[in-house]
Amino acid sequence: MIKVLIKGHNFKYDVFELIRSLYEDNNIEFIEDEALVNNQSLLIENNLYKKNETYEVETVIIKEYNIISKSLDNITNVDIKKDNEKKNIKTLVKQSLFNAITKTLNNKPSWGILTGIRPTKIVHDLLDKNINRKEIKDILMNQYKISREKTNLLISIAKRERSFIYPLDKDKFSLYISIPFCPTRCIYCSFPSNSLKKSSSLVNIYIEKLLYEIEKIGQLTKDMKLEAVYIGGGTPTSISNNDLKRIINKIYEVFSKNTFKEFTVEAGRPDTINLELLNMLKSNGVERISINPQTMCNKTLEKIGRNHTREDIIKTYELAKRLGFTINMDLIVGLPEEGINEIEYTMKEIKKLNPDNLTVHTLAIKKASKLMEKERNFKLAMGNDIKEMLKITKQYTKEMKMHPYYLYRQKKILGNYENVGYCKINKECIYNMLIMEEKQTIIAAGAGAVSKIYFPDSNRIQRVPNVKGLNEYIKRNGEMIERKKKHLLTY
Ligand SMILES: C[S@@+](CC[C@H](N)C(=O)[O-])C[C@H]1O[C@@H](n2cnc3c(N)ncnc32)[C@H](O)[C@@H]1O
Ligand code: SF4
């Protein structure tokens, strides 16, 4: 148990997230009185105060009543190129915690004081302020305490992304359609998805409501230009070909004036893909699909409830390749009972297939997943093993002549690592970059879908979420349209 006593500020959430990620421990309790600490607990004291008109933070770590680490930090050393005093003070609090905690760890965490935020956004903000590469590197490494390797990765990804994202245009938008159905539920997943075994009776009415929402979005965005369309989920290809075709055709009908650049369908599960489906997608202008192995080890696929085998992945991939699709594959590093050998095997198999895109996720133990309940039943790789496994994926992507082009982190990700999207030259998925960087409006339809309206003048996003539950969405579909209307009318 880690007990935390903070004084002089209320950045409780950030302090919690940073301690959790650095110690990889969720057992954290905030206390008001150190007398309550027993011999078994680690105590972290973090105290912000004003001295000679500047702010100072002192962090002290105590174990078995002995001080094991200390850091005293002053705000005059904080320089993240922000005028916002609150953000600077928060950075000081996190730096001080980081300085004290890392003295008690064996290795330096790659992501420094970052919690929650999408790291490439920091680089874009600094580039927007015309700060040069050397200075950006310095800020990332010395202020945010990010490792040299991740700093170089961030800068190269952000620079590559800019040619797709800039110039910013208030009138451009992208469209996300949520199909929250899956053949079965995978144990690690917390996405809004409903097993078709239980919810098939709701599919028809859901599609009707979704088509209505798409039509209304068309009216709300009639003066805007659609750039990218992404049908995701869940598993969009788990509904019937005819239903999926109706959705695709509705998009063409409603946005007929728009010549969008990209149309992606997240096919995802190989057990939902066949020739008839692929022909339907191809003849309806869908160029990009994903076929997601997660792993090429049959034993693991069974354990995680995927309902398909390595052989199904190869068969459907080859079918789709022959028809000329641009194909993304998703992998997860750190799946139950997997280690270095399994990742090496998976990457060897993927290399043989040679996809255009590969997204390498690190397993996150999500609250709403079955894995969370059953975590204790499985052996999960940690720290250095995850690091080695990610290194292997990086090496193979290099051999496949891919480059990293988007990156994001999630809470409760094993080893506090990251997810990286790699692709071959000119095979970037524009939508993936747009959703990460939040510099273009994304209008989303369907249960659990979140619209994000971007205001370039203030560099701000307004989130407009749809309700998550199927029944709720079906009942309150009109209200979801009104929510978007309210924000788009002030746009
Ligand atoms: C929206 S999900 C689903 C895509 C599709 N339904 C499928 O399963 O193939 C997108 C990707 O997120 C990744 N993912 C989902 N849950 C995850 C978790 N708990 N940890 C790491 N990656 C996860 C998986 O690689 C998955 O393919
Ligand atoms: S990982 Fe994909 S198929 Fe599995 S439950 Fe999540 S959304 Fe559905």
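**Exercises: a sheet and a ligand shell**

In this predicted model, 5 strands form an open sheet of mixed pairing, in the order S2-S1-S3-S4-S5. Strands (E, at least two residues) and helices (H or I, at least four) are DSSP runs, numbered from the N terminus, and two strands pair if DSSP finds at least two bridges between them. Residues are numbered from 1 along each chain as its sequence is written, while chains are lettered from A and ligands numbered from 1 in the order in which they are written. Local features need pLDDT of at least 70, side-chain atom pairs count only at pLDDT 80 or more, and totals for chains, interfaces and linings use all residues.

**Exercise 1.** Work out how S1 and S3 pair.

*Solution.* First, locate S1 at residues 2-7 and S3 at residues 42-51; they pair in the parallel sense over 6 bridges. Next, look at Ile-6, which stands opposite Asn-46 in S3.

**Exercise 2.** Describe the shell around ligand 1.

*Solution.* Begin with the count: 20 residues surround ligand 1 (C-beta atom, placed from the backbone, within 6 Å). The closest are Gly-268, Asn-292, Asp-330, His-361 and Ala-364. Then see which elements give two or more residues: strands S9 (225-233), S10 (262-268) and S12 (326-333).
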